[in-house]
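Dear colleague,

Please find below the structure that I am handing over to you, followed by an account of what was found in it. I would be grateful if you could read the two side by side.

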Amino acid sequence: MLLEVNELYRFYHIEDEETAALRGVSLEVEAGELVALVGPSGSGKSTLLNCIAGLDEPDGGFVDIKGERMTRRSEKARARLRALHLGMMMQSGNLFFHLSVTENIRLRMMLADRRDESRIRSLLSTVGLAHRGDNYPTQLSGGETARAGLAVALAAEPSVLIADEPTAEVDKHTEAMLVELFETRKAAGFASLIATHSEQLARTADRIIRLRDGRTDND
Ligand SMILES: Nc1ncnc2c1ncn2[C@@H]1O[C@H](COP(=O)(O)OP(=O)(O)OP(=O)(O)O)[C@@H](O)[C@H]1O
C-alpha cells in the first residue's frame, strides 16, 4: 500500500467555535491507482491533503506513506519522507518566488538527490511550459502557475502524488494534457490522490472518494 490514511481527525478552533474539518477519514491508495477526491467547498479536502503531506498535524489517526509513518514525527523526518516519496501540488503554491520555473524544478529534484537536466525540459513541455522555464512565478498566469507547481510536484517521480485542484484555471486543451499525464503515472505504477472538480479527471479516475462535512460519504 503506497498511501494509508487511518481515522484522521482534525479540529480547528477560532475563539469558542470549533470546526471539525476531518471526522474519522480513512482511505487507501495503491500502486497504479488514480483516485479523485471530490466534495463541496469546506468539506475538508485541503485539510486532508495537508495532513497527508505532514504540513498539518491531525488531532487523531495516522498517515503512512510507503509503510513509513508521516504523522507525529519530527519536522526533519517528515521533510525526508516528503522529499523521497511525495509530490504535492497545493493551492497555496509550492513554488519559490525568487527562483525561475526551471530552478524550482531543479531544486525539487536535488532534494531527492536527483540531477537530470533533460527531465526538466521534458517536464516543462509535458505541462505546456516549454517556453516559460526562465520565467519567475510572478510572471505566470494562474493556470501557468498551477502547471509549474505540478511540474515541481512531479520532478522527483514521487510514489505518491497529492494535488489540490490541478486543473483549476486551465483551458480544455491543458486539462486534457494533465489528465494524460496522470494516466501515464498510473501506467508506471505510481499513486495519485487528486482533489478536483474536473469531470474529465473524475471520469479517468479508478475510484472517486467523496468527502462531506469531514467524512467520506460512504460512512
Ligand atoms: N486554519 C484554519 N482555521 C480554522 N478553520 C479552518 C482552517 N482551515 C480550514 N478550516 C475550516 O475547516 C473546514 C474544511 O476546510 P478545507 O479547506 O479543508 O475544505 P475544502 O474541502 O478544501 O474546501 P475548498 O474546496 O473550498 O478548498 C472548513 O469549514 C474551513 O472553514
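Val35 has Leu193 as its bridge partner in strand S8. Strand S3 (residues 34-38) and S8 run parallel and are joined by four bridges. Helices (H or I, at least four residues) and strands (E, at least two) are DSSP runs, numbered from the N terminus, and two strands are said to pair if DSSP finds at least two bridges between them.

Two remarks on the source are in order. Residues are numbered from 1 along each chain as its sequence is written. The model is predicted: local features need pLDDT of at least 70 and side-chain atom pairs count only at pLDDT 80 or more, while totals for chains, interfaces and linings use all residues.

The six-stranded sheet

S3 and S8 belong to an open sheet of six strands in the order S6-S7-S8-S3-S9-S10, with mixed pairing. Its edge strands, each pairing on one side only, are S6 (86-89) and S10 (215-216). At the S10 end, strand S9 (residues 207-212) pairs with S10 in the antiparallel sense over two bridges, and Leu211 has Thr216 as its bridge partner in S10.

S7 and S8 run parallel, with five bridges between them; Val160 has Ala191 as its bridge partner in S8. Together with helix H6 (residues 172-187), S7 and S8 make a right-handed β-α-β unit. Right-handed means here that, with the strands pointing away from the viewer, the path from the first strand over the helix to the second runs clockwise.

How well is S8 (residues 191-195) covered? Five of its five residues are buried. A residue counts as buried if 20 or more other C-beta atoms lie within 10 Å of its own, exposed if 12 or fewer, and partly exposed in between, with C-beta atoms placed from the backbone. Ala191, Leu193 and Ala195 point one way from S8, whereas Ser192 and Ile194 point the other way. In a regular strand the side chains alternate between the two faces of the sheet.

Strand S7 (residues 160-164) contains Ile162, which counts as buried because it has 26 C-beta neighbours inside 10 Å. Leaving aside residues up to four places away in sequence, Ile162 touches Leu49, Ile52, Ala53, Met88 and Leu193; contact requires C-beta atoms, placed from the backbone, within 7 Å of each other. Ile162 and Ala195 are 33 residues apart in sequence, and their C-alpha atoms are 8.0 Å apart in space.

In the loop between S7 and H6 lies Glu165. Its phi is near 55 degrees, a positive value in a residue other than glycine. Glu165 counts as partly exposed, with 19 C-beta neighbours inside 10 Å.

The four-stranded sheet

A further open sheet has four strands in the order S2-S1-S4-S5, with antiparallel pairing. S2 and S5 (68-69) stand at its edges with a single partner strand each, so one side of each is left without a neighbour in the sheet. S1 and S2 pair over 10 bridges, and Tyr9 stands opposite Arg23 in S2. S1 is joined to strand S4 (residues 60-65) by five bridges, with Leu3 opposite Ile65 in S4.

Two glutamates deserve a note. Glu7, in strand S1, has a positive phi of about 50 degrees although it is not a glycine. In the hairpin of S1 and S2, which has two residues between the strands, Glu15 takes a positive phi near 50 degrees.

Helix H3

Which residues of H3 (residues 101-111) are buried? They are Val101, Thr102, Asn104, Ile105, Arg108 and Met109. These residues lie on the same side of H3, because they cover an arc of only 165 degrees around the axis, the arc being that of the directions from the helix axis to the C-beta atoms. Helix H4 (117-126) and helix H5 (142-154) are among the elements that cover them. Just after H3, Asp113 takes a positive phi of about 60 degrees.

With kind regards

Notes: Contact = placed C-beta atoms within 7 Å.
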